[in-house]
Amino acid sequence: MIPIVEYPSVVTSYIPAFESVFTRPQTKNFARYTTGLMISPNHTVSAMNDLFYAHNDQSALNNFITDSTWSDDELDEARYRVILDGLKRRAKDCEGDGILALDDTLSHKTGKHMEYVGYYFDHAEGKSTLAHDILTTHLIKGRLSIPLDARVYLKEEQLPEEKKSEFEDKNQMAREFIGKAHYNGIPFLYVVGDSWFFCRETVELAASLRKTWIFQSKSDRVVLMPQGWVNLSEWAKTIPKEKFKPVKVRYKDKEQTYWCYEANPRMRSIGGEKVRVVVSYDNPELNDKPNFYCSNKLDMKADKLLNVYAKRWKIDTFYRDAKQNLGMEDYEMRKIEGVRRHPAMVLIAHTLLVLGPVPSSSNEDTKLQR
């Protein structure tokens with residue numbers, strides 16, 4: 001591969017937005033790291049460092065990501081400013097209500113010597129696998145799809161005794177991300193997630209921020225019917241077949257038909273409040289088990305609810321691109337600080353590629369110091 005002698009414009013045009021976070025040498029390593037994530041076929045620190053003409057020893061780049069004293073909070077603030085500026089600049093591409101999607105993904109590992117690596121159940125493989133579990137949030141707005149946050153989830157038993165009081169479960173982390181996006185001015189109306197994130201505290205937070213929440217629900221959630229409290233799966237069996245209507249849903253750029261019934265029962269697990277529940281089958285015979293989707297928007301029709309929820313798949317596209325092209329799970333750092341910072345850099349690289357270079361007649365490509 002021909003050595004790199006200049007940073008790509010998609011990196012150089014954003015360097016001013018991050019200069020307040022880093023010292024001058026750190027800014028250079030920041031540009032090298034993000035460039036390496038975008039360009040290198042191998043995303044280890046050593047491989048990315050070797051891409052550049054007259055490069056320094058890889059230890060400088062490794063130290064930047066694992067031991068440098070720059071502030072993660074300041075980097076987050078700068079990244080959010082870049083996102084907000086990009087949304088304004090790309091206004092025609094992000095028309096319509098924003099959707100904040102919650103999810104997590106496994107960063108598969110082979111070595112057990114990385115800090116806080118552990119075994120997690122991989123639904124794709126149907127077994128437990130060695131990995132870091134990374135919780136993420138994602139903004140879907142118009143044609144744009146931008147990652148907002150990523151944090152490594154640590155099990156309580158993985159924390160040393162003196163830090164167990166700092167443990168946060170995934171829903172606590174999710175609520176922090178929702179609040180962070182809201183208070184930083186990210187424009188979104190909807191909060192969506194799978195059944196893992198459907199809990200009383202999270203929906204109450206979303207509602208308090210005047211957001212419409214939509215979550216898939218497990219079938220054992222209990223709702224109030226005339227005959228008393230019953231779980232969703234038992235209730236679904238009592239709904240007459242003729243009550244289900246076909247609904248067109250746009251999913252992964254293809255239109256699919258589902259057969260749905262909607263109602264507003266009270267749900268015990270969220271304080272007995274009324275919720276919009278959509279019971280959905282993927283066939284007109286209503287065979288197999290249905291899926292259940294819930295919302296606080298009691299007048300939302302099934303087609304609207306499912307079409308909003310269906311856009312959540314774009315977070316999976318990010319995972320695919322981030323892992324295959326940006327090295328989201330290719331890191332080999334042993335220290336947890338590097339493990340945490342690497343996904344943050346992947347988020348930045350992906351965001352810059354989505355938003356594209358900042359147009360400026362005064363911006364000139366920054367050349368590497370030889």
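The paragraphs below treat helix packing and then aromatic rings.

The model is predicted, so that local features need pLDDT of at least 70 and side-chain atom pairs count only at pLDDT 80 or more, while totals for chains, interfaces and linings use all residues. Residues are numbered from 1 along each chain as its sequence is written, and side-chain values use heavy atoms, with hydrogens and water left out.

Helices (H or I, at least four residues) and strands (E, at least two) are DSSP runs, numbered from the N terminus. Axes are lines fitted to C-alpha atoms, for helices over the stretch in contact, and angles run from 0 to 180 degrees between N-to-C directions. Angles under 35 degrees count as roughly parallel, over 145 as roughly antiparallel, 65 to 115 as roughly perpendicular and the rest as oblique.

In contact (heavy atoms within 4.5 Å), residues of α6 including Leu-75, Val-82 and Ile-83 meet residues of α12, among them Met-345, Ile-348 and Leu-352. The residues of this contact of α6 with α12 divide into eight nonpolar, two polar and five charged. Here Ala, Val, Leu, Ile, Met, Phe, Trp, Tyr, Cys and Pro count as nonpolar, Asp, Glu, Lys and Arg as charged, and the others, Gly among them, as polar.

Helix α3 (residues 24-39) packs on α12 at about 70°, with the axes 9 Å apart, which makes α3 roughly perpendicular to α12. Phe-30, Tyr-33, Thr-34, Leu-37 and Met-38 represent α3 in the contact, and the α12 side includes His-342, Val-346 and Ala-349. The contact of α3 with α12 comprises 10 nonpolar, two polar and no charged residues.

Helix α5 (residues 58-66) brings its axis within 8 Å of that of α12 and crosses at roughly 90°. From α5, Phe-64, Ile-65 and Thr-66 take part, and from α12, Glu-337, Gly-338, Arg-341, His-342 and Met-345.

Attention now turns to the rings. Phe-18, Phe-22, Phe-30, Tyr-33, Phe-64 and Trp-70 form one aromatic cluster; rings of Phe, Tyr and Trp (its six-membered ring) pair if their centres lie within 6.5 Å. The count comes to 16 aromatic pairs.

Charges also sit over rings (NZ of Lys or CZ of Arg within 6 Å of the ring centre and within 35 degrees of the ring normal). Arg-32 places its charged end over Phe-52, 4.9 Å from the ring centre, and Arg-221 lies over the face of Phe-198 at 4.3 Å.

Notes. Rings of Phe, Tyr and Trp (its six-membered ring) pair if their centres lie within 6.5 Å; planes under 30 degrees apart count as stacked, over 60 as edge-to-face and the rest as tilted.
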